[in-house]
Amino acid sequence: MSLKDNLISSFMVMENRGKVDLDSGFHQMRSEAINAFEKQGFPTKKDEEWKYTSLNSVLKHDYSIFPKSEAAVEFKEVKKYFVHEIETYKIVFIDGVYSSFLSETTHDGYDICLMSAALKKPKYKMVLDNYFNTIADKENSITNLNTAFTMEGAYINIGKNKVLPKPIQIVNFYTGSEKDILLQPRNLVVVGENSHVQIIERHQSLSDNVVLTNAVTEIFANKRAIVDHYKIQNDNDNASMIDSTYVQQKANSIVSVNTYSFGGKLTRNNVEFFHEGEHIESHINGISILDKKQHVDNHTLIHHKFPNCESFELYKGIFDASSTGVFNGKVIVDQEAQKTNAFQQNNNILIGDKATINAKPQLEIFADDVKCSHGCTIGQLDESAMFYMQSRGIPEKEAKALLLYAFGNEVVEKIKIPELKTRITKLIANKLGVKLGFEI
Amino acid sequence: MSKYTEDDLREELETQEYEYGFYTDLDAETFPKGLNEDIIRAISAKKNEPEWMTDWRLDAFRIWEQMEEPEWANVNYPKPDFQAISYYSAPKKADPNKSLDDVDPELLEMYKKLGISIDEQKKLQGVAVDIVVDSVSVATTFKETLAEKGIIFMPISEAIQEYPELVKKYMGTVVPKTDNFYAALNSAVFTDGSFCYIPKGVKCPMELSTYFRINEGGTGQFERTLVVADESSYVSYLEGCTAPARDENQLHAAVVELIALDDAEIKYSTVQNWFPGDKDGKGGVFNFVTKRGICHTNSKISWTQVETGSAVTWKYPSCVLKGDNSVGEFYSIAVTNNYQQADTGTKMIHLGKNTKSTIISKGISAGKSQNSYRGLVQINGRAENARNFSQCDSLLMGNKCGAHTFPYIESKNKSAQIEHEATTSKIGEDQLFYCNQRGIDTEKAIALIVNGFSKEVLNKLPMEFAVEAQKLLEISLEGSVG
């Protein structure tokens, strides 16, 4: 039975076993989503948006769709996967099931809790009705799949005028208690006017068993809100991930989505920004450092619908061995969106003999009074710089790492949480196989 | 002097009439509308073609029947009804074998209007012209001068008769019949075009030029150009096109194949000025062209195009850099106005070592037009030290037009260096202010800026053609240039 058939029959099982409330409008949304998925199927390479990424290698497994066990994990075993140097709110899932032991949630002034709880309690209904699945791409079959199976995830609702004292960490662990597992976390983040929120998201597999994560996050930033979202993707070689993040911004809000991809077998990131007001700032940053046969596909969309907004996009990639990088950066500027400034930059370094990069920066501009540009480069390390350092006694490996680190530093510099910046720097050093002799 | 603003320019652009929109009343022989194997056999018979050619066409037709019209381009247009087009139309009185004096005086009059009267061309130094009206080649000049050097420059229909081996060897090698929908259609029904062969070591002493014109209504033009530059040779080839103003949409589906053998260089320049439709978007030519060149070792192909006409343009002059050290270049200015739509760009396929490519694309959109750049730079795993530089800039005039870029960059080799940059903007207030402040009035300032914007490409045109290209740009953007 193909994965698609398996998923569709699992959905029926979910309905029949009473796992979900069949009468609610929410269930209607699920049904529509599964019907859309059934019609669309998994994307193939014939689909323009998936031209360079084939899902065949990850779809061939016989995934279990509803995790059965509730495996326990000791904090000391997984401490290293948290940014533990600072106080944070934590929402932790183990094999898709909430772990209250590792988590630190709150309802004090604002809600940082679970999707499953929000789905059950009537007081959250209005928020869910207003926001849930309103900006997720209905044309995207994989997002529809996630919508159909929405069970668990982070639910973050911050009211007006709140500056969160500490960042929120959303961490998903997979213990490998089941052989092949498909997980579909669904996050909803609603940030009220003038509020500030920082989110760090991580998905980590603790065994070598195959895992496929299909995560969807919707972020709503109301007027003057500031939201920073950091995604750490440093999973092992059997873990694959399709992450879709949809962001809606109201006037004067500032949202940044930052993706750090260092691991995983196949990673696909969809980041889509929709503007609903003037004077919005959007930032999308990403760095990918890959080796072996890893594959990362960054798909971004910024849709400028209103005047006087700005977007900044910066993606860097370092590709070693037989790794593959894909970058597709779409910027659409509607006719009404005069005075838009949209900048996009994508720089890549190929180190591996069999490494591949496919880039498609794309501008679609319907307004005349705009400043839009994109730049894309693919190149190698500067030989004279390498020679300079080696002639001064820096070994080749370190010299190379130093140059690569400098190359990626522009992205790392944008991190606003110092401890996270240090963490990312260490991950980069680790990935490059060196100890950088300086502290950040 | 009254203040000339960008709005005035826009106004002028929108109301600018198509200067080449005249129709010459030529007595023409036109085939009945429709397309089937009989029509193809009839075209082939009309041309007195050998059997292999007829079979080749029929094969292409069968392939075409299986294909679907491409949908991926960023253009919207009513799909042409391929059964409502006449696939052969020839001015009756024109006979390419007679001297110029025998040419229909009305034809000569038409060339005069085109600004390329043969008399004038004769006076101009060193341009040999092959003129294709509707579907057949009507005049080729300087044939003898070229023959002395061993250069073959003639209508492809004659080449099929006189040099069947050469045509057979090269035709369809760069753009195969199966390549795409319009290339297959062209392969089946092409009625004429130019053939050019430069022998080993010969530097063609003059620019070779072809003029295409669709004259008859209800016809399509399907010409095929094949340029072969043998080892160490050089040729510069020019191509221009116009059509009368008509309410209907006419189809132009051409195929151009360039073959640059070892150490050869081909410079191919196009000034495309098919009728773009009137200012309400009615009529105009659908220009669906497949152009591709193959570069062998140490050779170079350079495409330069000035695209000002056509209601819908769908055109990607490409280079397959097969040989080591080969070079591909693409310089383009695409101007769209009113309801014109252009989806144009290039493909640079790097296969050989040390291959280099340069892409400079300038798009200027005005009125309600849509201008897209679509390009592919592909570095094969074997293409060590490949180098590409791409730049595509768009200038928007007015807030109802659009400029889009769809660059695809694929690299499979770690030694490749690729740079791509694109910008979109309007004529900057600051730029205008800077000029005004220094005593340059707004009209001149706009001219200066547009000129400067296009210069990189205009400079690449051969001298003889640059005058003409300037003129065409003036037509499309009159009031801003000069």
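# A chat about a two-chain predicted model

Modeller: Strand 20 of chain A and strand 25 (residues 417-426) of chain B run antiparallel and are joined by 7 bridges. Keep in mind that this is a predicted model.

Colleague: How many residues does the contact take from chain A and from chain B?

Modeller: Chain A gives 32 residues and chain B gives 29 residues.

Colleague: And which elements give two or more residues to the chain A side?

Modeller: Strand 19 (356-365) and strand 20 (371-379) of chain A. Strand 19 of chain A gives the most, with 10 residues.

Colleague: What is the make-up of that side, in nonpolar, polar and charged residues?

Modeller: The side of chain A that touches chain B has 14 nonpolar, 12 polar and 6 charged residues.

Colleague: Switching to chain A by itself. What domains is it divided into?

Modeller: Domain 1 covers 3-276 and domain 2 covers 384-440. Their centres, taken over C-alpha atoms, are separated by 31 Å.

Colleague: How many residues does each domain put into the contact?

Modeller: Domain 1 of chain A puts in 12 residues, and domain 2 of chain A puts in 10 residues.

Colleague: Which strands supply the domain 1 side?

Modeller: Strand 8 (196-205), strand 10 (226-233) and strand 12 (254-261) of chain A each supply at least two residues there. The residues on that side of domain 1 are 7 nonpolar, 3 polar and 2 charged.

Colleague: Helices next. At what angle do helix 2 and helix 7 of chain A cross?

Modeller: Roughly 145°, with the axes of helix 2 (residues 25-40) and helix 7 (residues 141-148) of chain A coming within 8 Å. Helix 2 of chain A passes helix 7 of chain A in a left-handed crossing.

Colleague: Which residues make the contact?

Modeller: From helix 2 of chain A, they are Met29(A), Arg30(A), Ala33(A), Ile34(A), Ala36(A), Phe37(A) and Gln40(A). Helix 7 of chain A brings Ser141(A), Asn144(A), Leu145(A), Thr147(A) and Ala148(A). The residues of this helix contact divide into 7 nonpolar, 4 polar and 1 charged.

Colleague: What is the phi of Asn133(A)?

Modeller: Asn133(A) has a positive phi of about 60°, although it is not a glycine. Asn133(A) is placed in the loop between helix 6 (125-131) and helix 7 of chain A.

Colleague: Is Asn133(A) buried or exposed?

Modeller: Asn133(A) is buried, because 23 other C-beta atoms lie within 10 Å, and 20 or more is the cut-off for buried.

Colleague: What about Asn252(A), and where is its place?

Modeller: Asn252(A) is in the loop between strand 11 (239-250) and strand 12 of chain A. Asn252(A) also is not a glycine and has a positive phi of about 60°. Asn252(A) has 19 other C-beta atoms within 10 Å, so it is partly exposed.

Colleague: You mentioned strand 11 of chain A. Where does Thr245(A) lie?

Modeller: Thr245(A) lies in strand 11 of chain A. It counts as buried because it has 24 C-beta neighbours inside 10 Å.

Colleague: What does Thr245(A) touch, not counting residues up to four places away in sequence?

Modeller: Thr217(A), Ile219(A), Val257(A), Asn270(A) and Val271(A). The C-alpha atoms of Thr245(A) and Asp137(A) are separated by 9.8 Å, and these two residues are 108 residues apart along the chain.

Colleague: How many residues of strand 16 of chain A are buried?

Modeller: 7 of its 10 residues are buried, so strand 16 (residues 310-319) of chain A is mostly covered. Strand 14 (residues 281-290) of chain A runs parallel to strand 16 of chain A, and 10 bridges join them. Gly286(A) has Tyr315(A) of strand 16 as its bridge partner.

Colleague: And how do strand 16 and strand 18 of chain A pair?

Modeller: They pair in the parallel sense over 10 bridges, with strand 18 of chain A spanning residues 341-350. Phe319(A) stands opposite Leu350(A) in strand 18 of chain A.

Colleague: Last one: which residues cover the faces of strand 16 of chain B?

Modeller: Val312(B) and Trp314(B) are on one side of strand 16 (residues 312-315) of chain B, with Thr313(B) and Lys315(B) on the other, and all are buried. Strand 14 (residues 284-295) of chain B runs parallel to strand 16 of chain B, joined by 4 bridges. Trp314(B) is the bridge partner of Phe288(B).

Notes:
Residues numbered from 1 in each chain as written. Chains lettered and ligands numbered in written order. Predicted model: local features only at pLDDT ≥ 70, side-chain atom pairs only at ≥ 80, totals over all residues. Domains from an automatic or database assignment. Contact = placed C-beta atoms within 7 Å. Nonpolar A, V, L, I, M, F, W, Y, C, P; charged D, E, K, R; others polar. Axes fitted to C-alpha atoms, helices over the stretch in contact; angles between N-to-C directions. Left-handed = near helix turned anticlockwise from the far one by under 90°. Pairing = 2+ DSSP bridges. Buried ≥ 20, exposed ≤ 12 C-beta atoms within 10 Å, placed from the backbone.
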